[in-house]
Amino acid sequence: MSRDDDALRWEGDEDLDLEPSADDGDRARSGAAAPAAREARPRGPLGWLALVLALAATVGWIVVMFANPVQQPSLLGLVMYQLGELLAVIAPLLWWWCVDRLAPLERRAPWWIAGLVVTAPWPLVAGVLA
Amino acid sequence: MSARQPHEERPGDAWIVALLFALAFGYDTVEAVTNLQQLPLLYASAGIEASTPWWLLIASVALPAVLFALSLWIGRRMRLVGKAGVMLVALAVSAQASLLAEQLARQIAVAALGG
């Protein structure tokens, strides 16, 4: 069957929707699509503690958002401001997850601690101290 | 020459992703420059121009570029997804810093008006 004929027929197209399996030939062996998520990356107690603290920081940022409602003069300004708020809220968890996935095992602890310091809900702290 | 696999990264992909994030960081910088222009006028209109937090306004202008450069440096040996993840974290930290600057500017104004 020519390619043109094949393009006009449905048979076999269901296979195109399937996820490729891990032993799917050259692509898996090339390393280009080797998923980091399948590597064994034990977190240990510090990792879970960092996750709990990151969740707490996220809650803190949500409190900051609700405590400081802001009006913007334009729709674009409002959309961008709310996008910034969303990013600020997810930042602690995003940092934790990126360290969990990307950092070498021996360097994860300092990166997690740095993330907890950097992404802490500082506006809340400043408001309490004021 | 073998055909390129669909999931294989091209060298230019990292630059395209970096350019897209540069636009986002650029927006943060533009916002900070606007604040640098407008906030002193607001403080002056309230009669508290002496309390204008210049250090905060200037730091707010510089921070997005610093964070973008840091994210490029940290992700320089990572694959594309890792680079994008690091830049997204840096953008999120930039957003947090903007909100912190806003809170500090508000508190400084309140303290100046109250004092």
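Residues are numbered from 1 along each chain as its sequence is written, and chains are lettered from A in the order in which they are written. In this predicted model, local features need pLDDT of at least 70, side-chain atom pairs count only at pLDDT 80 or more, and totals for chains, interfaces and linings use all residues, while side-chain values use heavy atoms, with hydrogens and water left out.

Reader: How many helices and strands are there in chain A?
Author: Helices (H or I, at least four residues) and strands (E, at least two) are DSSP runs, numbered from the N terminus. Along the sequence, chain A reads α-α-α-α-α-α. The count is six helices and zero strands.

Reader: Which residues of chain A does the UniProt annotation "transmembrane region" cover?
Author: UniProt positions are given in the numbering used here, feature names are shortened, and annotations may be inferred rather than shown by experiment. In the model, residues 79-99 of chain A are 100% helix, with end C-alpha atoms 29 Å apart. Residues 111-129 of chain A are 84% helix, with end C-alpha atoms 27 Å apart. The unreviewed entry assigns the annotation to residues 46-67, 79-99 and 111-129.

Reader: At what angle do the axes of α2(B) and α3(B) cross?
Author: Axes are lines fitted to C-alpha atoms, for helices over the stretch in contact, and angles run from 0 to 180 degrees between N-to-C directions. Angles under 35 degrees count as roughly parallel, over 145 as roughly antiparallel, 65 to 115 as roughly perpendicular and the rest as oblique. The two helices are therefore roughly antiparallel. Their axes come within 9 Å, and the crossing angle is roughly 170°.

Reader: At what angle do α4(A) and α3(B) pack?
Author: Contact means heavy atoms within 4.5 Å, and the residues in contact include W95(A) of α4(A) and Q96(B) of α3(B). The arrangement of α4(A) is oblique to α3(B). With the axes 7 Å apart, the angle is about 135°.

Reader: Is P104(A) buried, partly exposed or exposed?
Author: P104(A) sits in the loop between α4 and α5 of chain A, and its C-alpha lies 9.4 Å from that of R41(A), 63 residues away in sequence. Buried means under 20% relative accessible area, exposed over 50%, and partly exposed in between (1.4 Å probe, protein chains only). Because its relative accessible area is 36%, P104(A) is partly exposed.
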